[in-house]
Every structure is written in structure tokens, then in C-alpha cells.
Amino acid sequence: MTNRTDGVAESFPKDTCMERGSSVSRRREDIKACLVKWKDKTSVLLLSSAFDIKPDGRGLADTCKRYAKEQKQRVDVRQPAIERSYNTYSKHIL
């Protein structure tokens, strides 16, 4: 929620300026939290103290399959590590 980011979320680009698969992040100075905005079909805002955009710090981009209406097929979309881990671990929470 943007009201819990202490005004940092307002510094991110607008949804219309971002393309699908792009992401922007901000980290606290003490590196204890990372706020990530990722544009899929709509924008997603994630805050984590454990994950970042890059998986394992190597800078490799993860991809996921999404349906593209223009091509009428599933295409690869870049996905931050924080989003992938959220999708993986949120299924196990009661």
C-alpha cells in the first residue's frame, strides 16, 4: 500500500510510463528494506526485507509466461525475484 511507504512510492514512474515487465526499486540506506514496483498487466507494489529485484545478486532476469493480446499467444515477461518468491511462498500461508 502506498500509504505505508513514507512517500517513496510517489517517486516511482506512473503506470502509463512503464512497459510490461519493467521494474523500479528503492532501498533504504541501511539496506534493511526494498520497495519494488513491477508492471505486469497492472502495476504491483511490493515491500520486502528479504528479497530484491535481482535473484541471488547475480543480476540474471527471471521470466514468466503471460498472455499477450496483440500476439494472441503466451510471451516471456521479465519478473523480479521478489515477485517470484511472493508467488511461490504465498501459496503456503494459511
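This is a predicted model: local features need pLDDT of at least 70, side-chain atom pairs count only at pLDDT 80 or more; totals for chains, interfaces and linings use all residues.
## Exposed or buried: the cut-offs

A residue counts as exposed when its relative accessible area is over 50%, and as buried when that figure is under 20%. Keep those cut-offs in mind for the two residues picked out below.

## Glu19, out in the open

Glu19 has a relative accessible area of 65%, so it lands in the exposed class. You'll find Glu19 in the segment before β1, the strand that covers 23-27.

Follow the chain 20 residues along from Glu19 and you get to Lys39; in space, the C-alpha atoms of Glu19 and Lys39 sit 6.6 Å apart.

## Ser48, tucked away

Now for the other class. Ser48 belongs to strand β3, which spans residues 43-48. With a relative accessible area of 14%, Ser48 is buried.

What does Ser48 touch, leaving aside residues up to four places away in sequence? The list is Lys32, Ala33, Cys34 and Ile82. There's a polar pairing here as well: a polar atom of the Ser48 side chain lies 3.0 Å from the backbone nitrogen of Ala50.

## The whole chain

Stepping back, the protein has 5 strands and 1 helix. Reading from the N terminus, the order is β-β-β-β-β-α.

The protein is 94 residues long, and 29% of them count as buried. Its accessible surface is about 7300 Å², with 49% of that belonging to carbon and sulfur atoms. As for contacts with a separation of 6 or more, 36% are between residues 24 or more positions apart.

Methods: Residues are numbered from 1 along each chain as its sequence is written. Side-chain values use heavy atoms; hydrogens and water are left out. Helices (H or I, at least four residues) and strands (E, at least two) are DSSP runs, numbered from the N terminus. Buried means under 20% relative accessible area, exposed over 50%, partly exposed in between (1.4 Å probe, protein chains only). Contact means heavy atoms within 4.5 Å. Accessible areas come from the Shrake-Rupley method with a 1.4 Å probe; for residues, only the protein chains shown count as cover. A polar contact is a pair of N or O atoms within 3.5 Å; within protein, one must be able to donate a hydrogen and the other to accept it, and residues adjacent in sequence count only if both atoms are side-chain atoms.
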